[in-house]
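Please look over the model below before reading my points.

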Amino acid sequence: MDNYGLFTKTIALDGIGISNAMVKYQLSPQELHDITIENGEGVETATGALAINTGEFTGRAPEDRFIVKDSITESLVWWGKVNIPFEPAKFDALYDKVMAYLDKKGEVYVRDSYVCADTNYRLNVRCVTETPWSNLFCYNMFMRPTEEELDTFTADWHVVCAPGFEANPEVDGTRSPNFAILNFTRKIALVGGTGYTGEMKKGIFSALNFILPVFKDTLPMHCSANVGEEGDTAIFFGLSGTGKTTLSADPNRHLIGDDEHGWTHENTVFNFEGGCYAKVVNLTEENEPDIFRAVKKGALLENVIFKEGTNAVDYTDVSITPNTRVSYPITHINNIQPGSIGHNPKNIFFLSADSFGILPPISKLTPGQAAYWFISGYTAKVAGTELGVKEPQPNFSACFGAPFMPLNPTVYAEMLSTKMKEAGVNVWLINTGWTGGPYGTGSRMKLSYTRSMITAALNGWLTGVEYKTDPVFGLATPQSCPNVPDAVLNPRETWANTEDYDKNARELAGKFRNNFAKFEAFSNNEIIAGGPLA
């Protein structure tokens with residue numbers, strides 16, 4: 001049950017550098033909703049949700065994400081263009097500037113929450129935000145302690161978010177005025193210069209991606225997960241826009257969570273979060289009923305446009321960004337898994353939005369292929385998800401979440417491979433992207449077909465059917481599936497010119513090999529053999 005009531009407890013923030021600003025502690029969603037509107041920072045929509053604009057940044061800025069290089073991270077983090085090092089002294093100076101900035105504000109908003117549904121892995125998080133709507137996002141996305149739990153609450157980590165503060169790159173060591181920095185020694189996720197709320201949740205997710213495998217022998221996953229009536233857990237890996245939230249919100253299964261999970265050595269799967277952060281571009285009740293109905297009082301919409309003369313959202317309007325979003329507590333979904341924990345994973349789905357129209361809509365992977373495709377993390381960057389991306393582009397993102405993975409991707413891949421073999425999991429590759437040709441020529445795979453293929457896999461209906469092995473990628477593709485035309489299952493047959501398909505397939509296979517070259521030295525023979533054949 002959500003804690004919509006008022007908490008009477010108050011706290012002091014002198015210990016983190018705030019002594020003058022009024023602390024608005026643990027305000028209810030309704031209070032945060034009302035203050036945002038009173039401040040002129042948001043509008044109530046026709047469904048009762050709050051709509052805000054995040055300003056210049058409507059997506060993540062990966063080149064402005066840093067990790068402080070210290071005694072904890074120096075020898076463990078996989079440093080490079082994804083995990084960019086930041087000097088401890090520079091962080092300390094920048095942090096002091098941000099806190100001084102917040103201290104001069106009339107008020108700051110503070111929320112105590114936690115992440116990880118499994119109490120054995122719980123991390124207490126204190127969010128200090130400049131705006132009330134950022135604090136509402138934290139309420140929606142992190143787990144909500146009871147008033148009794150707040151009495152003994154001690155923060156393990158702090159999230160500090162100051163959209164109005166801009167760094168001086170020449171002095172502060174950042175690349176731009178905006179930044180998102182993790183400090184594992186001080187246990188702080190520091191966000192400034194950007195109002196995009198996703199930076200806060202991805203900061204804590206990145207921290208867990210380091211903490212859980214290094215200290216807890218638990219695999220962190222950028223995935224959604226649900227549970228069937230028989231207790232079988234299904235896991236859906238994929239980057240933003242590939243369908244994790246949509247496909248895991250199944251009326252016939254219980255939702256564990258839509259984006260971030262841990263897989264323990266006890267063979268359980270638990271949600272990191274207390275809510276969902278879904279894309280709403282082209283949202284309809286017919287195609288995504290659970291998400292559509294979750295956009296109600298307490299939900300926070302970002303960067304949407306209203307239908308002229310109304311407060312009704314036009315989900316087709318992407319004039320601000322195609323990355324329109326909504327956050328809401330997981331309890332806005334009716335069919336949720338009690339405790340947000342599942343057991344006995346039976347099926348894993350890798351979701352790839354193939355902009356080239358080459359990959360089959362569904363194929364079954366061997367353990368070696370599963371590890372190879374997991375390390376490769378192939379999909380398309382969806383327009384608007386990242387700064388500067390205007391249309392889908394082919395993209396390799398290791399572990400289907402490279403921007404959030406501090407360790408070498410092969411560490412996560414080997415953990416996944418071991419767990420898959422121990423649990424006897426079936427692994428499926430799903431193309432939620434294009435068919436009949438590449439982006440601009442072909443068409444997006446029908447959601448109804450994708451749902452039917454996943455349902456068939458979950459129910460074991462693809463066990464006894466004929467499979468055909470693709471000569472380029474070596475993927476085993478079922479030749480029949482209930483409620484899906486046979487021709488759709490073989491992408492080569494959907495192209496007007498099969499020679500063009502063959503040429504493009506070989507080119508895409510080459511892109512895979514070129515990308516994987518940097519991982520070969522860390523991979524075993526089984527994983528390397530899981531790559532393209534031609």
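**Notes on the model**

1. Arg126 is buried, at a relative accessible area of 13%. Buried here means under 20% relative accessible area, exposed over 50%, and partly exposed in between (1.4 Å probe, protein chains only). Asp112 also counts as buried, with 1% relative accessibility. The two side chains meet in a salt bridge, 2.6 Å from N to O. The pair links distant parts of the chain: Asp112 sits in strand E6 and Arg126 in strand E7, 14 residues apart. A salt bridge is a side-chain nitrogen of Lys or Arg within 4 Å of a carboxyl oxygen of Asp or Glu.

2. A word on the basis. This is a predicted model, in which local features need pLDDT of at least 70, side-chain atom pairs count only at pLDDT 80 or more, and totals for chains, interfaces and linings use all residues. Residues are numbered from 1 along each chain as its sequence is written, and side-chain values use heavy atoms, leaving out hydrogens and water.

3. The sheet is open and has eight strands, in the order E1-E6-E7-E8-E10-E9-E4-E5, with mixed pairing. Strands E1 (22-25) and E5 (84-86) stand at the edges with a single partner strand each, so one side of each has no neighbour in the sheet. The twist averages 25° from one strand to the next. Helices (H or I, at least four residues) and strands (E, at least two) are DSSP runs, numbered from the N terminus. Two strands pair if DSSP finds at least two bridges between them.

4. Strands E7 (residues 123-129) and E8 (residues 157-162) run parallel and are joined by five bridges. Val125 stands opposite Trp157 in E8.

5. Which strands does helix H2 (residues 88-103) lie across? They are E4, E5, E6, E7, E8, E9 and E10. Helix H2 runs at about 60° to E8. Helix H6 (residues 198-215) lies across E4, E6, E7, E8, E9 and E10, at about 150° to E8. Contact means heavy atoms within 4.5 Å. Axes are lines fitted to C-alpha atoms, for helices over the stretch in contact, and angles run from 0 to 180 degrees between N-to-C directions.

6. The structure holds 20 salt bridges. One of them joins Lys105 to Glu130, with the closest N and O atoms 3.2 Å apart. Lys105 lies in the loop between H2 and E6, and Glu130 in the loop between E7 and helix H3 (132-141), so the pair ties together parts 25 residues apart in sequence. Lys105 is partly exposed at 29%, whereas Glu130 is buried at 12%.

7. Asp259 and Lys201 form another salt bridge, their closest N and O atoms being 2.6 Å apart. Asp259 lies in the loop between strands E13 (254-257) and E14 (260-263), and Lys201 in helix H6, 58 residues apart. Both are buried. Shared partners join Lys201, Lys202, Lys244, Asp259, Glu260 and Glu273 into one salt-bridge network.

8. Lys202 also lies over the face of Phe404, at 4.4 Å from the ring centre. Arg122 lies over the face of Tyr114, at 3.6 Å from the ring centre. The criterion is NZ of Lys or CZ of Arg within 6 Å of the ring centre and within 35 degrees of the ring normal.
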